[in-house]
Amino acid sequence: MRLLTPRGAVAVLLTSALLAATPVVTAAAAPSRPAAVGLVTFINASLTPTGATLSVDWADVPGAKKYEVFASTSYDGVLAKQTPNVTVESSRATIPRLLEGRNYYVQVRAVSDGGTGPKSWRVGHGTMVGEAKLSASTPRYRAVSWNICSYACANFSKRQKTINSRIVELKPDLVALQEASRYSTAPKGYRFAVEEQNAILLRSGQFTAVKKNSAGATSGMKRFAKKVATPGRGVAWAAVKHKSGKYAVVFSVHLLAGTSSKAVAQREYEAGKLPSFITSTLKNLKKSHGKLTDWTKAPVLVLGDFNTHKGRTNDDTMKVLNAKGWYDGFDQARRLVRQHHNTANPDWQRTPLVGIRWGSHVDKVIVRPSRSVVYRWESAGKIVNGKYAAPLPSDHNPLVVEVGLK
């Protein structure tokens, strides 16, 4: 064993002291990948010279520096897609240069210093088919469609007060009600244009009902014939005059419910008959009330419970209507509010029922794209602290739309 010299011993002591005084430096933790983006919601749509657009929104992801937005006309295609359509720094994006009248699926993922996060759930929405060019003087109509389940659901005498209270809160100019056979008292400020299974209400000061004459009616109710199953509740209609002096015809529709093959076939049959009934109604009005306006060119607003939505793959009800020039206002809307909150609430849940892929909306306004602008669409169940307000007025939520028609 070799003994240290005094100088060597001092050197060892100094080295030990320096090691003790020097802090230990550890390697920095690698940045982690961002979390998955939550539910993506469609909020806006438009038509531009370079194609259709869809705008989406989502909640911020902690640590995200940017977001990649993917879109495809295929549900599987968007999952496989690696090149984003759009990259943005905020949690909102507009996807440009899309085809008109097509269904698109969208996913979003966050990107941070740690890499890319998982893609969000796939959500779908249609692009606009077309849109009317309306003058500045064209009135906008605020309308509600609502299945109030007056005869098949309990406690209607109490629920009617809640229904009327909500109508007053929403302040629509027009109200189309379905399953309204026991509904007998309009809310303050509203009058019946039709009081039937499908009812139509007009807001005082906004609309008046056109008076019938000896040549013909200005309102009515029709139930479609049976083809393969007992038909739905049919369609009510009313000719009305807006405070601007313009005339319009409003239809409140209730097609047959059910998912059996016979129910679907009957519903598709009724959908096919609806456009011809609208046309014949306008022709009859021209004969009986032609001095007022050319009713065959009058604006038409069609609202109701169509008992179909995009999630039902064995149901061609909307394809039947599309073939005759009528499209869902949900896809035509420039602005969407609560896209994922289903309008139907069959289990009377206070927690909003969320349709992830599409939003399952059986309640609709259908429009002719070349003669309409749907400015706003909203699933308008009253929400307090994240839940539907009690007592629930119906097993459906009111659908509110703001439209311009020509």
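Buried means under 20% relative accessible area, exposed means over 50%, and partly exposed lies in between (1.4 Å probe, protein chains only). This is a predicted model, in which local features need pLDDT of at least 70, side-chain atom pairs count only at pLDDT 80 or more, and totals for chains, interfaces and linings use all residues. Residues are numbered from 1 along each chain as its sequence is written, and side-chain values use heavy atoms, with hydrogens and water left out.

**Stop 1: Val365**

Select Val365. Is it buried or exposed? Val365 has a relative accessible area of 0%, so it is buried. Val365 sits in strand E20, residues 363–367. Helices (H or I, at least four residues) and strands (E, at least two) are DSSP runs, numbered from the N terminus.

Now show its contacts, meaning heavy atoms within 4.5 Å. Leaving out residues up to four places away in sequence, Val365 touches Leu301, Val302, Leu303, Tyr327, Asp328, Gly329, Leu399 and Val401. From Val365 to Val400 is 35 residues in sequence and 9.1 Å in space, C-alpha to C-alpha.

**Stop 2: helix H3**

Select residues 156–170, which form helix H3. The expected span of a helix is 1.5 Å times one less than its number of residues.

Color the buried residues of H3: Phe156, Arg159, Gln160, Ile163, Asn164, Arg166, Ile167 and Leu170. They cover an arc of only 160° around the axis, so they lie on the same side of H3. The arc is that of the directions from the helix axis to the C-beta atoms. On the other side of H3, Ser157, Lys158 and Lys161 are exposed.

What do the buried residues of H3 pack against? Show strands E9 (140–147), E10 (174–178), E11 (190–194), E12 (199–203) and E24 (399–405).

**Stop 3: backbone details**

Step on to Lys171, which follows H3. Lys171 is in the loop between H3 and E10. Its phi is positive, near 55°, in a residue other than glycine.

Next, select Asn385, in the loop between strand E22 (383–384) and E23. Asn385 is not a glycine, yet it has a positive phi of about 55°. Asn385 counts as exposed, because its relative accessibility is 79%.

Then go to Pro391, in the loop between strand E23 (387–388) and E24. A cis peptide bond joins Ala390 and Pro391, with omega about -5°. Most residues other than glycine have a negative phi, and most peptide bonds are trans.

**Stop 4: the pockets**

A pocket is an open set of points on a 1 Å grid over the protein atoms alone, where a 1.4 Å probe fits, with protein on both sides within 12 Å along at least five of seven lines; lining residues have an atom within 4 Å of a point.

The largest pocket holds about 650 Å³ of space. Of its 28 lining residues, Asn103, Lys310, Met318, Lys319 and Asn322 are the closest to its centre. Elements giving two or more residues to this lining are strand E6 (103–112), helix H5 (317–323), strand E18 (327–328) and helix H6 (329–332).

Finish at the second largest pocket, with a volume of about 320 Å³. Of the 20 residues that line it, Asn307, Ala344, Pro346, Val362 and His396 are the closest to its centre.

Methods: Grid points are joined across faces, edges and corners, and a volume is the space filled by probe spheres set on the points.
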